[in-house]
Amino acid sequence: MSYILMTYVNEAGWFALSKAEQEQGVAAYKAYAEALTKAGVLLGSNRLQGGSTATTVRISHGKPQVLDGPYVDSKEQLGGYFIIDVADLDAAIAWAARCPAAGHGVVEVRPLWPMPA
Amino acid sequence: MNESPSPEEGAEQARRTADAVARRSYGKLVAFLAARTRDVAAAEDALSEAFAAALAVWPLQRCPANPEAWLLTVARRKLIDAARRRQSGDMAAAQLQLLAEGLQWVAQADIPDQRLALMFACAHPAIEASIHAPLILQVVLGLDAKTIASAFLTSPAAMGKRLVRAKEKIRQAGIPFSVPEREELAGRLDTVLQAIYAAFAEGWSDPEGGDAARRDLTEEALFLARLVSELLPQQAETLGLLALMLHAEARRGVRRTTSGEYVPLAEQDPAQWDAAMIAEAEALLQRASALHVLGRYQLEGALQSAHVHRRRSGSANWAEVVQLYDALLAITGSPVVVINRALALAQLHGPEVALDSLQAIATDERLAQYQPYWAARAELLTRIGAHAEAGRAYEMAIGLERDPAVRRFLQRRQAALSG
């Protein structure tokens, strides 16, 4: 089954880190992606730019409404995702627990809607 | 003298008494309520209603002298009501008869302790092995599905469903609430001990102790191990398991610096270990060995003991450690033992021999995602100077580690390769 692991992190925390700590953080994510790849479960992943770069769009009364900023204005913002293909939810949770984001933020695990063949 | 407590004091006292009873006797009450009907879920429901009634009634009347008996009387009445509502006809009559037979006990002060029988039912071979530990934690100790799910890294909804299914199985398949006969005991006991150790290991994986639910899990597992070794004092492996867990627990706090960094065993200060726990563990191992039945938990306990002795005395005992791993490997055949044995072997015969010994398990697919395998390889490869390969092994270990402090520790080791 395919799952998306969405990482929610406090963006302010990142800028509070020293340069060495930031490098260590990036290296941990790189090692994590490497482990996912070696295990043959990684379908795709991306890191997102900060929440302040987000723009939301909706059609309201037939007219597009465009707003600055992320949809949910909370301290923890969607910072990236990993899409993985594993046997079951427990396997997905095991990978989520290894994600560095689980240590300094939250990882949300959601099954993908299966595509009709 | 006979002043009534204020409502606040009364409520507070009722809550404290109920908490203490839950802590001390939850499993005892469930075991007693479910023993005849084998309906664990109904027993738990009735008991939780009884606790709710206690919190409502005790503040008004003072707590009863024997709160366990009070709870049991109320819970039994709830069970009988529920059985009446649920069924009619012959089935109900049979069920009510079973329930009524138990009533006579309630008048007595001592509730028979059937927790061991309950544990054997929970860890019965007819029930899927991976749910044994969660089931025991819920049924004997009263932990909720949410807490158990976090500890076992699974979703609360899924854990809840699996627990319900396992309880249905106990009832429908007629799994007995009894301690197996002598011939069967050792084998059946092993599944109970495995479940307790699994609970302990899950608790142990929260080294910072920041996660209260997990920290409690090691305490709960120790409580269960003590209970089993009190009820079955002649079983060497129950003593071995308790010794093993006490040895590990004695070093719990020392695994982290005050700033939260990981400290490996070789760098811990033995003076900071809990000496009383270690002494208790050593005495248990002595008692176990006098029973002349060797097993994996005694061997693992003896390994802990050897590590403690080496660090305290400063004298190397790697030959003894390797021997203990050999014996453990012969019993378990576990690749995890091969990894730990390799690290001891490196101390005795050097890293090349150790790396060779890992070849035996290199094709085991489970290890590809097992952090300690990669960490051990990285360490050994570093020692023979194969830095590029060591760096890749560290990369895997870092990617597979879920504890941020251990991850940072591995990253420092990896960085030291190029330094």
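Predicted model: local features only at pLDDT ≥ 70, side-chain atom pairs only at ≥ 80, totals over all residues.

**Exercise 1.** Work out how helices H17(B) and H19(B) are arranged relative to each other.

*Solution.* Start with the axes: H17 (residues 371-383) and H19 (residues 404-418) of chain B come within 11 Å and cross at roughly 25 degrees. Next, recall that angles under 35 degrees count as roughly parallel. H17(B) and H19(B) are therefore roughly parallel to each other. As for handedness, their crossing is left-handed. Now look at who touches whom: Gln371(B), Ala375(B), Glu379(B) and Thr382(B) from H17(B) meet Val406(B), Leu410(B), Arg413(B) and Leu417(B) from H19(B). Sort this contact by class and you get four nonpolar, two polar and two charged residues.

**Exercise 2.** Describe the interface of chain B and chain A, and find its salt bridge.

*Solution.* First, the residues: chain B puts in 16 and chain A puts in 20. Then the area: about 1,500 Å² is buried between the two chains, with carbon and sulfur atoms giving 56% of that. Finally, the rule finds one salt bridge across this interface.

**Exercise 3.** How far apart along helix H1 of chain B are Arg15(B) and Glu12(B)?

*Solution.* Over all chains, the structure holds 26 salt bridges. Arg15(B) and Glu12(B) form a salt bridge, with the closest N and O atoms 3.2 Å apart. Now count along H1 (residues 7-34): the two are three residues apart, so about one helical turn separates them.

Conventions. Residues numbered from 1 in each chain as written. Chains lettered and ligands numbered in written order. Heavy atoms only, no water. Axes fitted to C-alpha atoms, helices over the stretch in contact; angles between N-to-C directions. Helix = DSSP H or I, 4+ residues; strand = E, 2+ residues; numbered from the N terminus. Parallel < 35°, antiparallel > 145°, perpendicular 65-115°, else oblique. Left-handed = near helix turned anticlockwise from the far one by under 90°. Contact = heavy atoms within 4.5 Å. Nonpolar A, V, L, I, M, F, W, Y, C, P; charged D, E, K, R; others polar. Buried area = accessible area lost by both parts, 1.4 Å probe. Salt bridge = Lys/Arg side-chain N within 4 Å of Asp/Glu carboxyl O.
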